[in-house]
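Look over the sequence and the model, then work through the points below.

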Amino acid sequence: MVNYNSADIASFKGIFVFCEQREGKLMSTDFELISEGRKLADERGVELCGLLLGHDVEHLAAELGGYGADKVIVCDHPLLETYTTDAYTKVICDMVKIYKPEVFVLGATNIGRDLGPRVAARLHTGLTADCTHLDIDMDNYLDFLRTSSTLDVDKMKFDMEDRNLKMTRPAFGGHLMATIICPRFRPCMATVRPGVMKKSAFDEKRAASVIIDKPQVQLSIEDMDTQVLEVVKATKKLVDLIGADVVVSVGRGIGKDIEKGIALAEELAEVLGGVVGGSRATIDAGWLSADHQVGQTGKTVHPKIYIALGISGAIQHKAGMQDSECIIAVNKNDTAPIFEIADYGICGDLFKVVPMLIESFKAAKAAK
Amino acid sequence: MKIIVCVKQVPDTSGKVAVKADGTLDRASMATIINPDDLNAVEAALKLKDDTGAKVIVVTMGPPPAEGMLREIMAMGADEAVLISGREFGGSDTFATSQIIAAGIKKIGLEPEDVIFCGRQAIDGDTAQVGPQIAEKLGIPQVSYVAEIEKDGKDITCQRMLEDGYMTIRVKTPCLLTCIKELNVPRYMSVSGIVDCYSKPLTVFDFETLKNDPLIDLATIGLKGSPTNIFRSFTPPQKGVGIMLEGNDKETCDKLAGMLAAKHII
């Protein structure tokens with residue numbers, strides 16, 4: 001079977017970034033992806049295009065331009081106002097067939113992870129989930145391997161002419177990293193983990209000069225098998241684990257006095273200007289609500305300081321926090337695996353240690 | 001109406017992970033479990049069976065030992081099982097896998113009012129891609145991240161969770177829903193279920209069974225055919241050995257605070 005997208009892959013050019021908006025507001029992931037897309041477009045010497053779907057959203061284009069988009073394709077239609085899998089998939093696939101980008105990235109948000117696989121399957125191309133690093137240029141990729149792997153890069157042979165998008169993601173909870181390519185089909189598609197790519201500085205000049213392209217959108221109610229009845233914002237303020245500089249997490253170790261354990265974590269987090277997280281055990285037991293969960297089946301965080309209280313450090317938890325800049329662990333058991341990745345460890349009862357830590361941190365901060 | 005539930009057998013990551021000398025995962029030495037989110041999919045299927053009396057068919061793709069997992073799910077209450085298994089399918093990426101499973105489901109037969117349940121994502125790959133891709137290949141609508149389900153007539157109304165809230169969505173059947181743990185609490189196997197599970201039908205679909213289905217593009221399955229390939233895999237450098245502080249008294253805490261302050265971490 002010869003597919004339109006494998007017959008002549010050289011005819012695919014340019015970088016596409018899906019720019020997600022919710023209720024007319026862009027997501028912070030959009031700016032991270034546009035900034036990263038700028039880097040890829042420069043490596044490849046091609047155009048960077050933001051793909052924006054919605055209704056009356058053209059005014060958002062300038063902001064995307066400010067972070068590096070050369071052009072924003074605005075697909076405007078009343079049926080695109082709120083995200084639905086079927087309408088968005090149809091319009092995006094139409095756009096890919098018209099514009100033929102070589103690379104197409106989306107944020108790995110709940111919506112990006114719903115949309116990406118559907119689009120990739122319809123376009124008959126590969127998709128790599130939840131990437132944490134992207135390269136096209138081989139020199140840049142090898143620099144990345146030198147700092148981020150145990151490979152002896154300079155003793156290995158590589159095809160330095162390789163121009164595939166190299167999509168790197170953690171495999172198996174970060175024990176392994178895998179770089180994935182999609183050599184035979186275009187576009188190469190990736191979803192990118194929110195909060196990983198660095199947002200570049202906003203450039204007023206670029207914002208003012210962004211090109212806006214408004215193609216005709218072919219869409220009718222017959223294209224849709226789903227109907228959004230309502231969109232509800234969480235009434236309770238959800239904890240922003242991904243954006244936090246400091247995360248203080250609790251685990252099974254708070255079990256003997258759950259309320260006190262959580263209160264101590266909250267106090268410690270407050271002293272350091274952070275938020276409270278929890279291991280899967282604490283969420284499964286109902287001690288904390290699901291938005292607090294750090295780990296493979298919860299959120300992946302990389303704060304400046306991560307404090308693990310009474311968390312043993314199962315792989316599924318480590319997968320969600322091992323890239324934190326500074327990890328501090330308090331655990332009664334000196335053989336707990338969490339100590340293997342901790343920068344600082346204290347072996348002791350968290351109910352005794354944490355009140356003292358709070359005092360010490362307060363004093364240290366006051367002395368500054 | 002019938003209910004199809006897709007599951008995957010995965011290595012257990014709640015314990016220690018065994019890594020071989022070449023840096024790849026030593027799957028053989030690790031215990032296998034039913035993927036956690038898939039248990040919520042199974043429970044959703046069984047609940048819908050309780051309400052409607054519809055038959056539940058559990059489907060997996062994997063090596064022959066995955067039969068054990070299928071028997072367990074039949075002991076929980078599923079009525080039939082299909083094991084999609086073939087050397088040709090091994091090493092498939094999500095695109096390849098979804099074509100094969102979609103062809104398997106088509107072979108079982110998808111009718112109006114049928115519902116397919118999947119877990120949100122598997123803990124060995126964490127992609128969350130196979131569910132939506134099966135739906136696309138079958139040409140049916142999907143709702144992912146489902147936290148509440150209500151069936152009324154030919155439609156299903158469900159809640160799809162977002163990072164900052166949720167959407168209520170009405171979807172026509174047949175459709176595919178991917179389930180998250182907030183949806184329900186999975187039931188245990190029952191004693192009578194365990195007794196019965198070995199007499200329930202288990203069918204194997206191999207390469208020969210599925211290879212002529214037009215849903216499968218034979219050039220894009222298995223390790224070689226999959227659209228995505230591993231360019232390089234590597235282990236991240238070990239972090240420098242951390243400092244295990246002596247003692248656990250106030251002095252220790254002051255020392256830690258002092259070190260962090262000196263490094264401008266706090």
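Which residue's side chain meets that of A:Arg146 in a salt bridge? A:Asp154 does, at 2.8 Å, N to O. A salt bridge here is a side-chain nitrogen of Lys or Arg within 4 Å of a carboxyl oxygen of Asp or Glu. This is a predicted model: local features need pLDDT of at least 70, side-chain atom pairs count only at pLDDT 80 or more, and totals for chains, interfaces and linings use all residues. Residues are numbered from 1 along each chain as its sequence is written, chains are lettered from A and ligands numbered from 1 in the order written, and side-chain values use heavy atoms, without hydrogens and water.

**Salt bridges**
- The count over all chains is 43.
- A:Lys233 pairs with A:Glu23 at 3.5 Å, N to O.
- A:Lys233 is in strand 13 and A:Glu23 in the loop between strands 2 and 3 of chain A, so the pair ties together parts 210 residues apart in sequence. Strands are DSSP runs (E, at least two residues) and helices likewise (H or I, at least four), numbered from the N terminus.
- A:Glu23 is exposed, at 54% relative accessibility. Exposed means over 50% relative accessible area, buried under 20%, partly exposed in between (1.4 Å probe, protein chains only).

**A:Asp86**
- A:Asp86 sits in helix 4 (residues 85-99) of chain A.
- A:Asp86 is buried and has no salt bridge.

**Helix 5 of chain A**
- Eleven of its twelve residues are buried.
- Just after helix 5, A:His124 takes a positive phi of about 60 degrees.

Methods:
Lys and Arg count as positive and Asp and Glu as negative; His and the chain ends are not counted.
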